[in-house]
Amino acid sequence: MHLIIILTIAVSLSMDAFSLSLAYGTLGLTNKEVKKLSIIVGIYHFFMPLIGLSFGRLFLKLIPINPDLIVFIVLTFVGIEMIVESLKKEEINKKTSLLELLFFGLA
């Protein structure tokens, strides 16, 4: 990979981790839960790009399609989902079980 691509991935993962750390502060988690969640998120941030790269290459071998089109479709759906979720009024619940922490870190 080119250095600029690696730096872009690093910056985007850092921004994601920062936004997640802001969410930690709003949940009122204990220090033990914060440490568990930080480890979970760190593991996800390490393995998810590797898994995505592998699946992306496999997908493009099976179905030859322009990657820009795939990125456009995915980001469009993510943007629509963010708009829909921002309009919903939901109460935030404190996440405490390990399974809930795993899903929160994955999200």
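Helices here are DSSP runs (H or I, at least four residues), numbered from the N terminus. The model is predicted, so local features need pLDDT of at least 70 and side-chain atom pairs count only at pLDDT 80 or more, while totals for chains, interfaces and linings use all residues. Residues are numbered from 1 along each chain as its sequence is written, and side-chain values use heavy atoms, leaving out hydrogens and water.

Helix α2 has 32 residues and spans 46 Å from its first C-alpha to its last, close to the 46 Å expected at 1.5 Å a residue (1.5 Å times one less than the number of residues). Its buried residues (under 20% relative accessible area, 1.4 Å probe, protein chains only) are E33, L37, I40, V41 and H45. H45 has a relative accessible area of 17% and, leaving aside neighbours within four places in sequence, is in contact (heavy atoms within 4.5 Å) with L13, D16 and A17.

What about charged partners? The structure holds one salt bridge, defined as a side-chain nitrogen of Lys or Arg within 4 Å of a carboxyl oxygen of Asp or Glu. K88 pairs in this way with E85, their closest N and O atoms being 3.3 Å apart. Side chains of opposite charge can pair when their charged atoms come close.

Methods. Buried < 20%, exposed > 50% of the residue type's maximum accessible area, 1.4 Å probe, protein only. Helix = DSSP H or I, 4+ residues; strand = E, 2+ residues; numbered from the N terminus.
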